[in-house]
Amino acid sequence: MHETQTNQPITVLGAGAWGTAVAIALAARHEVLLWGRNPEQMAATEAARDNVTYLPGHPLPPALQVSADFEAAIAHVAQAAPGTTPLLIAACPVAGLRPLLEQLKGRNIPNIVWLCKGFEYGTGLLPHQVVREVLGDTVAGAALSGPSFAQEVARGLPCGLTVASNDAELRERVVSLVHGGSVRVYACDDMVGVEVGGAVKNILAIATGAADGLGLGLNARAALITRGLAEITRLGVTLGAQPSTFMGLTGMGDLILTCTGDLSRNRRVGLALAQGKQLDAIVNELGHVAEGVPCAKAVRELAAKLGVDMPITNAVAGVLFDGESVQETVDRLLARDPRNELA
């Protein structure tokens with residue numbers, strides 16, 4: 001039987017909605033420090049014991065430490081007592097991962113686990129490739145991903161996550177620290193598959209939101225999700241992923257949640273596009289990062305470079321960045337020639 005550890009030092013770097021939710025969930029069993037780069041925001045969070053900026057209405061547990069002091073946040077895990085199993089979690093968006101890693105270079109960090117989902121725009125790199133490029137192979141790394149809305153995790157509702165790493169010891173450490181209570185954690189070694197699924201599903205959620213916004217019906221939604229999974233799998237396998245990964249939590253599971261759940265920011269982007277709103281206005285209204293937006297641009301470029309057919313992704317990028325209308329884009333997709341479903 002798996003043994004779950006308790007009272008271990010964990011630092012979460014990034015006080016957005018997801019980082020805060022993870023910190024809340026882990027603070028029930030561990031010594032957690034939540035770090036944010038904005039001193040004013042962190043002071044307000046500490047004073048209210050509630051992240052009023054990014055996750056309002058979810059009180060912080062009394063034991064959860066809150067800080068804007070980066071050195072203290074790193075020391076919490078880098079100088080952990082002998083016999084403990086510290087964990088460092090990066091909870092920033094993909095665009096913020098490289099700058100955060102640059103701050104960590106040369107430090108005595110025990111490991112790093114990242115929560116971000118997407119491809120780095122400009123390089124087309126997945127998060128694990130960015131980590132390797134900045135930190136090298138000296139620091140063990142893992143991706144923690146899966147279908148998980150921050151609000152539900154913060155409320156203690158059940159969820160299932162997957163930790164992916166080439167380091168078996170780190171996979172076991174993450175499972176032993178994070179698995180427990182309402183959070184189940186599964187392990188695998190397919191980092192590419194887990195990260196591709198987590199990235200591209202956000203693009204498909206924009207497409208599904210747009211279809212729902214146009215009133216195209218549940219049949220259209222089911223078709224988009226299914227054909228979207230085919231796109232995710234084609235790209236992932238081309239990049240070296242295992243096909244079976246996309247039938248799991250970080251593939252099908254995360255895709256279904258993000259495409260159908262009303263808490264999905266990317267789905268809300270699609271709904272707003274269908275109403276004729278401009279992208280800048282949509283992003284400003286959200287007040288949070290919708291990873292599917294920059295990811296659509298990065299994946300369109302990567303798919304073209306690799307020769308991978310991704311018509312839904314291309315359609316989303318066309319609406320977001322090329323001024324194409326949602327309705328005309330839908331008409332073009334419906335007019336495509338038929339093909340073998342499994343090709």
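Predicted model: local features only at pLDDT ≥ 70, side-chain atom pairs only at ≥ 80, totals over all residues.

Guide: We can start with the helix pairs. Two packed helices are described by the angle between their axes and the distance between the axes.

Visitor: Why are α4 and α5 called roughly parallel to each other?

Guide: The axes of α4 (94–104) and α5 (residues 127–135) cross at roughly 30° and come within 10 Å. Angles under 35 degrees count as roughly parallel, and therefore α4 and α5 are given that description. The crossing is right-handed.

Visitor: Which residues make the contact of α4 with α5?

Guide: On α4 they are L97, R98, L101, E102 and L104, and on α5 they are P127, V130, V131, E133, V134 and L135. By class, eight of the residues in this contact are nonpolar, three are charged and none is polar.

Visitor: Which residues make the contact of α8 with α11?

Guide: From α8 come N202, A205, I206, T208, G209, A210, D212 and G213, and from α11 come N266, R267, V269, G270, L271, L273 and A274. The class count for this contact is seven nonpolar, six polar and two charged residues.

Visitor: What volume does the largest pocket have, and which residues lie nearest its centre?

Guide: The volume of the largest pocket is about 1,000 Å³. Its lining has 44 residues, with G16, A17, W18, R265 and V289 nearest the centre. The elements giving two or more residues to this lining are α1 (17–26), α4, α6 (150–154), α8 (191–213), α10 (249–260) and α11 (265–274). The lining divides into 21 nonpolar, 16 polar and seven charged residues.

Visitor: What is known about the second largest pocket and its lining?

Guide: The second largest pocket has about 650 Å³ of volume, and 28 residues line it. Nearest its centre lie L224, R227, I312, L333 and L334. At least two lining residues are supplied by each of α8, α9 (218–238), α14 (311–321) and α15 (326–334). The helix that gives the most is α9, with six residues. By class, this lining has 19 nonpolar, two polar and seven charged residues.

Visitor: What makes a space a cavity rather than a pocket?

Guide: In a cavity a 1.4 Å probe fits but cannot get out, whereas a pocket is open. Two cavities of 30 Å³ or more are counted in this model.

Visitor: Which residues line the largest cavity?

Guide: The largest cavity holds about 80 Å³ of space. Its lining consists of W18, V22, A25, L26, R29, L144, V153, C159, L161, V178 and V183. Two or more of these come from each of α1 and β7 (159–164), and α1 has the largest share, four residues. The class count is 10 nonpolar, no polar and one charged.

Visitor: Which residues line the second largest cavity?

Guide: About 50 Å³ of space lies in the second largest cavity, and its lining residues are W114, C116, K117, G118, A143, L144, S145, V194, E195, G198 and A199. Both β6 (141–145) and α8 give two or more residues, with the largest share, four residues, from α8. Six of the lining residues are nonpolar, three polar and two charged.

Methods. Residues numbered from 1 in each chain as written. Heavy atoms only, no water. 1 Å grid on protein atoms, 1.4 Å probe; cavity = no way out; pocket = protein on both sides within 12 Å on 5 of 7 lines; lining within 4 Å. Points joined across faces, edges and corners; volume = space filled by probe spheres on them. Nonpolar A, V, L, I, M, F, W, Y, C, P; charged D, E, K, R; others polar. Axes fitted to C-alpha atoms, helices over the stretch in contact; angles between N-to-C directions. Parallel < 35°, antiparallel > 145°, perpendicular 65-115°, else oblique. Left-handed = near helix turned anticlockwise from the far one by under 90°. Contact = heavy atoms within 4.5 Å.
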